[in-house]
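Welcome, and thanks for taking a look at this one. Here is a short briefing to read alongside the model, grouped by topic.

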Amino acid sequence: MLGIIGGTGLTQLANLEITRRQVARTPWGEPSGALTFGHICDQEVVFLARHGYGHTIPPHEVNYRANLWALKDHGVDRVVSVATVGGIHPELLPGMLVIPDQIIDYTHGRGATYFLQSDKPVTHIDFTYPYCEAMRAALLQAAVSNGVSLRDGGVYGAVQGPRLETAAEINRMERDGADMVGMTGMPEAYLARELGLCYATVGAVVNYAAGRGLSADGIQMDEIQAVVGEVMLQVRHLLEQLVTDDAAGLCAI
Ligand code: HPA
């Protein structure tokens, strides 16, 4: 089953016909909220709002371990995560969608592994290519079918938040090779890998990163809000198409 993790601007899916909500408990504590099960075009999917349904959990306090665990425990094998990002690469403009293919992790102090038991052998998991290529390909195909425009590839720089970056930090990230900056990409992607979930991210660019473009003099939160609404409409179309492609045309959009 497909799991969708929604971020800022996507605390629910308008086209999800909800069948049940399930409070999930995990060995890692409570997920951000109840799992919302439903159908899009006759396909069962489960949705989870990363920041809680009232958007009250900041990025550094999200229980990523519980979220991914709960999804897997309830039958999810593939995950699309939706995350807002700031654009660092000059081609990543507010309002665009991007499917990143690499990650640089600048986060710290987050529960970032399931391998804690000291009586087990140390486990290292390959993370050379952090996203599941099959899920990336499915998203790119859905975009083609639906006419949603998005950029294929880019390096996601995951920062700690909740503060935004300084201009110098963004310059450094660019020198590192980061194309976009967001606060939730890690450890989510890595935990999905530890659990064997096929995971990819849809990045929704909602602002120029600090010191760039229209953010040259600072990031205006009210401008972000306006873009979030617009770009999440595109995300909804994309997810609808993804599920429809999966269902081999069970419903018409
Ligand atoms: N920085 C970090 N996270 C973000 C940004 C940003 O500019 N925009 C959206 N999420």
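In which sense do strand 7 and strand 9 pair, and over how many bridges? The two strands pair in the parallel sense, over four bridges. Please keep in mind that this is a predicted model.

- Strand 9 covers residues 155-158, and both of its faces are covered.
- V155 and G157 are buried on one side of strand 9, while Y156 and A158 are buried on the other.
- A158 in strand 9 has D105 standing opposite, and the bridge partner of A158 in strand 10 is G182.
- Strand 10 (residues 180-182) pairs with strand 9 in the parallel sense, over three bridges.
- To get from strand 9 to strand 10, the chain crosses through helix 3 (residues 167-176), and this β-α-β crossover is right-handed.

**Around the ligand**
- The residues around the ligand are T84, V85, G86, L164, E165, V181, G182, M183, V206, N207 and I219.
- With E165 the side chain takes part, as one of its N or O atoms is 2.8 Å from a nitrogen atom of the ligand.

**Aromatic rings**
- Five aromatic pairs turn up in a search of the whole structure.
- Y131 and Y199 have ring centres 6.3 Å apart and planes at 10°; planes under 30 degrees apart count as stacked, so this pair is stacked.
- This pair links distant parts of the chain, 68 residues apart: Y131 is in the loop between strand 7 and helix 2, and Y199 is in strand 11.
- Buried means under 20% relative accessible area, so Y131 at 5% counts as buried, and so does Y199 at 2%.
- One aromatic cluster is formed by W28, W69 and Y114.
- The charged end of R20 sits over the ring of F37, 3.8 Å from the ring centre.

**Two arginines to look at**
- R212 lies in the loop between strand 11 and helix 5, and with 16% relative accessibility R212 counts as buried.
- The side chains of R212 and N171 make a polar contact at 2.6 Å.
- R21, in strand 2, has 57% relative accessibility and counts as exposed.
- R21 and L35 are 14 residues apart in sequence, with their C-alpha atoms 5.6 Å apart in space.

**Backbone details**
- The peptide bond from G161 to P162 is cis, with omega near -5°; P162 is in the loop between strand 9 and helix 3.
- M186 and P187 are also joined by a cis peptide bond, with omega about 10°; P187 is in the loop between strand 10 and helix 4.
- H55 is a residue other than glycine with a positive phi, near 50°.
- H55 is found in the loop between strand 4 and helix 1, and counts as partly exposed at 37% relative accessibility.

Technical notes: Residues numbered from 1 in each chain as written. Predicted model: local features only at pLDDT ≥ 70, side-chain atom pairs only at ≥ 80, totals over all residues. Heavy atoms only, no water. Phe/Tyr/Trp six-rings, centres within 6.5 Å; stacked < 30°, edge-to-face > 60°. Buried < 20%, exposed > 50% of the residue type's maximum accessible area, 1.4 Å probe, protein only. Lys NZ or Arg CZ within 6 Å of the ring centre and 35° of its normal. Pairing = 2+ DSSP bridges. Right-handed = clockwise from strand over helix to strand, strands pointing away. Near = heavy atom within 4 Å. Polar contact = N/O pair within 3.5 Å; in protein donor to acceptor, adjacent residues only side chain to side chain.
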